[in-house]
Each structure stands twice: as structure tokens, then as C-alpha cells.
Amino acid sequence: MNESVPQSLMQEVGAVIRDRLGLDFPPGRSRELETALNVVAGAFACADAEQCARRIVTRSLDADELKTLAQALTVGETNFFRDPEVFQALERDILPPLIEQRRGADRRLRIWSAGCCTGEEAYTIAIILRRLLPDYEDWNLTLLATDLNPHFLARAGAGVYGKWSFRRATPWALRRHVAATAGGKYEVDESIRDMVAFDYLNLAEGRYPSVFNNTNAMDIVFCRNVLIYFDPSTVERVIEHLRSCLLPGGWLALGRSERVPDVVERLRPVVVRGDVWYRRDDSATAQAAVPAAAGAAPPVVRVARATPFPASLQRRFDDGDYAAVAAAVTDYLHGPPPCSTDRRRAMRMLAQAHANLGELDAAQTWCEEAISEDKLDPRLHYLMASVLLERNRAAEAEECLRRALVADDRFVLAHFALGNLTRRHRESDDARGHFERTLSLLRHFRSDEIIPDSEGLTAGRLSEIAEHALLQC
């Protein structure tokens, strides 16, 4: 079958898709791309693939159109315990020493399945954690799973699969954690489903690591068979960000045909049971200034300063260089006293940098210091709530979110976070009220408009999430 869309036009479409989704469709994949355009043509109010292609290259895609396109372009094929050696390494070599180390400390583990598809990988990790942690309820466990395909995320959240998805699962896993349902399907046990938090994240566009989307301070990141869809520059950028999401000594698992680009530093390849894992190794990087950043807050001195807060620090923060930012902002605060506005901005950035690094004591200290100077900044209360939630202190986090709304009842993210928190505690009426308020406030935004302080989340996407959450109240 010959392509009906001119090759030059297909190249333009491929450039848009590469820019907005990070997906790579070189000339050799033109037929695959044209097939997808035919699938989405109706949703774009177009008669055929060529008209759809022209629509894509001549008008900016909104959030809903991007999701529709992503759904057509990504094909999910995965199963439980896919590549068994990888999960044997996780269960027998990676997790046991980490668990032993944390058992005598904060009992905290954070794992992310990036590009989770329909959820089988994330649930496999949850099953392994349950096997290794009989006392898992006494631990602060984070198991995040993200994807850019909303259809995949909906299937993942339901946790219902065909028998073929379990073809590599061990009998003990099926016996303990999976139950047959009507129609020949199999459902993952609710206690396993509750361990996993599924969320939307576009690896090509999203900002990570961040405490606000829970991608910070990870012990282990799985990003398997995802990079094969990306062009080389996107692969390099994604790997850089994923490395920044890891704690020092943290592990990154890629697909067997995927490799970390040579230009990416501080990721050391380690062969575990025949597969290459990558471990964040900061030993060669100068870190001398970082410990000082986690110290006590400097004395409060309110004297005007002519030198403004350096714009370069915001750029470095946006690039994810949080350790360097923490050290530089600390130096700034210890220097000639800044004006009150710049001081508050610096303390807020310092708190968020420490939170993104997983240094929760320092993050909380700086939040408290900043709040003591400006009790009416809703963003500070929201950041404090995010830190407290990560510390498994839900009641205190709820108080902070309510303080954020006292300061600004139109702070949409605080309403959404309170809705999630109260729903988790089975307070359906309260949760419903916050989700309805979230949706009401979002009507004042364009669908493709980025919500302030959301790390790249659009109003359209947040509306979809809030509507789904409201149905579950």
C-alpha cells in the first residue's frame, strides 16, 4: 500500500510529534504514522489522514488533542513479570540491602514505573514488595506509575486483565494476589491496587523530578522499553531527568535494547543477573557545598539589598540541578541580607530543592522558616503539605492545605489535593466538595493552559482527573 500523504508533510507531522510528545517517527515509520492519522482523523474533525496531517502542522494542539494522538501512536504490550530475570534481580539483589538499610531508619521506599503502559509492571513490583515486607503497612511506601496514554492509565487503575497477561507470573503470585472474575478475566487484589498511584506524565514534556508530581527522591526507577519510541535528543534529556529523580545510589532499569547515552554522567552500569542496571554514582562530582545547604536556617536580618535574587538560580532549578541550587541559595541567604521579597523567594526555592532531593528534614525546616515570615503565602502551605504527605503525616498535611485555602480559596491545586486526601480517608462529602470546587475554578482556564505551581499540568488534564475522582466519591 502506497502512502497517500506527501512525504514532506509527513516529515512536518513527525517534527510536531517529536517536539510535543518526544515520539520518533522517521521516514521508515511513515506508514505507521499515516495509519494513526487515519484513526484520529474523525476526532480532529478531518476527512482523512492528509487533512488531519495539515491540521496538526498548521494549528497548535491542545491538551485533549495531544492525548488523542498519544493514544493512537503508542501501542502497549506488556505482562506480569515480563523479563523474569529483571524482577529476580529486584527481589533478590536490589531491594533486600535497601530494605535492611531503611528498616533501622525511616522505613521509606520510593519506586517509579515510568511509561507504565497498562500497569502490569507496577503491580508486579507491588507483589514483590508484599513478599519482601510482611509488615508493609508499617512502611512509607511510594509506588508511582505514569504514562502519557490515558486509555492505558484507565485500564491500569481497574486492574483487570486477560489470562495472557499472567503467562509469566509465578503460581504463588496468582494464588495470593489475583482472583478470577466473570467473563474469563482476572482481577488484581484491591490491597495490591491500593499500593500503586497511577498518574499522567509526558516524559518528553513534563517537569521532573518534583515534589509536586511525586517524582523526586526515588530509590528505583523503571523506564523499560520506553526510550525506543524517542529520538536521540529526547532520550538524552529524559535520562538526564530520570537520573536527577534518583537518590545517590539509586537504581535505573532500562529495556534490554536500551542504553544510557555516553554524554550522561553519574550513571554507572552494573550487571545484575545478566542484565545491565544503572546506578546513580555521585562520587566523582564535587558535593562539598551540599551538606551546608541542609543546615539550620540563617538568622533573620531584614535589611534592604541592592542585588536582586539571581535569575540564573531559577534557570538552574528548572534544569533540575537541585543540589547546586541548594548550595547557591544557601550562600545567597548567608551573604548580605536580601530584601524581604527576595528572601522569601529564596527560602521557598531552597525548601523545594531539598524536597526534590528527598532531604525532607531540611525541606520542612525551610518551609517553616518561610511561613514564619509570610503566613499568607498559599504556595508555602501547599509545599509544606507535599513534604508532610511524603513523610506519611496526612493529618498535618491536611491542616496545611486548609491553611492554603484560608490564604487563597481559589488555589485550585490545594482544593484538588484536599479532595484526594479526604477521599483516601473515606470522607466522601468533603472530597466531593473539593473536587467540585476544583472543576469550577478550572473553567476559568483554557484547556491547554498550565496550572501555576503544577509542574506542567494543564487545566484540561486536571479537569479530566478531577472528574474521574468525583465519580469515585
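Reply: This is a predicted model. A place to begin is helix H17, where the covering of the buried residues includes helix H16 (378–390), helix H18 (412–424) and helix H19 (428–442).

Me: Which residues of H17 are buried?

Reply: The buried residues are Ala-394, Ala-397, Glu-398, Cys-400, Leu-401, Ala-404 and Leu-405. Viewed down the axis of H17, they fall within an arc of 160 degrees, so they line one face of the helix. The face turned away from that buried side carries the exposed residues Ala-395 and Val-406.

Me: How do you know that the length of H17 agrees with its residue count?

Reply: H17 has 14 residues (394–407), which at 1.5 Å a residue should span 20 Å. The C-alpha atoms at its ends are 20 Å apart, so expectation and model agree. The expected span uses one less than the number of residues.

Me: Why is Thr-142 called buried?

Reply: Its relative accessibility is 15%. Buried means under 20%, so Thr-142 falls in that class. Thr-142 lies in strand S2 (residues 140–147). Apart from neighbours within four places in sequence, Thr-142 is in contact with Leu-109, Arg-110, Ile-111 and Asn-214.

Me: What makes the approach of Thr-142 to Arg-110 a polar contact?

Reply: The two side chains make the contact at 3.1 Å. The cut-off for a pair of N or O atoms is 3.5 Å, with one able to donate a hydrogen and the other to accept it. The value of 3.1 Å is within that limit, so the label applies.

Me: Why is Glu-467 called partly exposed?

Reply: Glu-467 has a relative accessible area of 45%. Buried is under 20% and exposed is over 50%, so 45% belongs to the class in between. Glu-467 is found in helix H20 (residues 459–471).

Me: What makes Phe-80 and Phe-166 a stacked pair?

Reply: Their ring centres are 4.5 Å apart, and the angle between the planes is 20 degrees. Phe-80 sits in the loop between helix H4 (63–73) and helix H5 (84–103), and Phe-166 in the loop between S3 and helix H8 (171–177), so the pair links distant parts of the chain, 86 residues apart. Phe-80 is buried at 1% relative accessible area, and Phe-166 counts as buried at 6%. Both belong to a cluster linked by ring pairs, together with Tyr-123, Tyr-161, Tyr-186 and Phe-198.

Me: How do you know that S3 and S5 are paired?

Reply: Pairing needs at least two bridges, and S3 and strand S5 (residues 186–188) have two in the antiparallel sense, so they qualify. The bridge partner of Tyr-161 is Tyr-186 in S5. The open sheet has the order S3-S5-S4. Strand S3 (160–161) and strand S4 (178–180) stand at its edges, each with a single partner strand, so one side of each lacks a neighbour in the sheet.

Me: What makes S8 mostly covered, and which strand is joined to S8 by five bridges?

Reply: Seven of the nine residues of strand S8 (residues 246–254) are buried. Strand S7 (residues 218–223) is joined to S8 by five bridges, and the two run parallel. Ile-220 has Trp-251 in S8 as its bridge partner.

Technical notes
Residues numbered from 1 in each chain as written. Predicted model: local features only at pLDDT ≥ 70, side-chain atom pairs only at ≥ 80, totals over all residues. Heavy atoms only, no water. Helix = DSSP H or I, 4+ residues; strand = E, 2+ residues; numbered from the N terminus. Buried < 20%, exposed > 50% of the residue type's maximum accessible area, 1.4 Å probe, protein only. Arc of directions from axis to C-beta. Contact = heavy atoms within 4.5 Å. Phe/Tyr/Trp six-rings, centres within 6.5 Å; stacked < 30°, edge-to-face > 60°.
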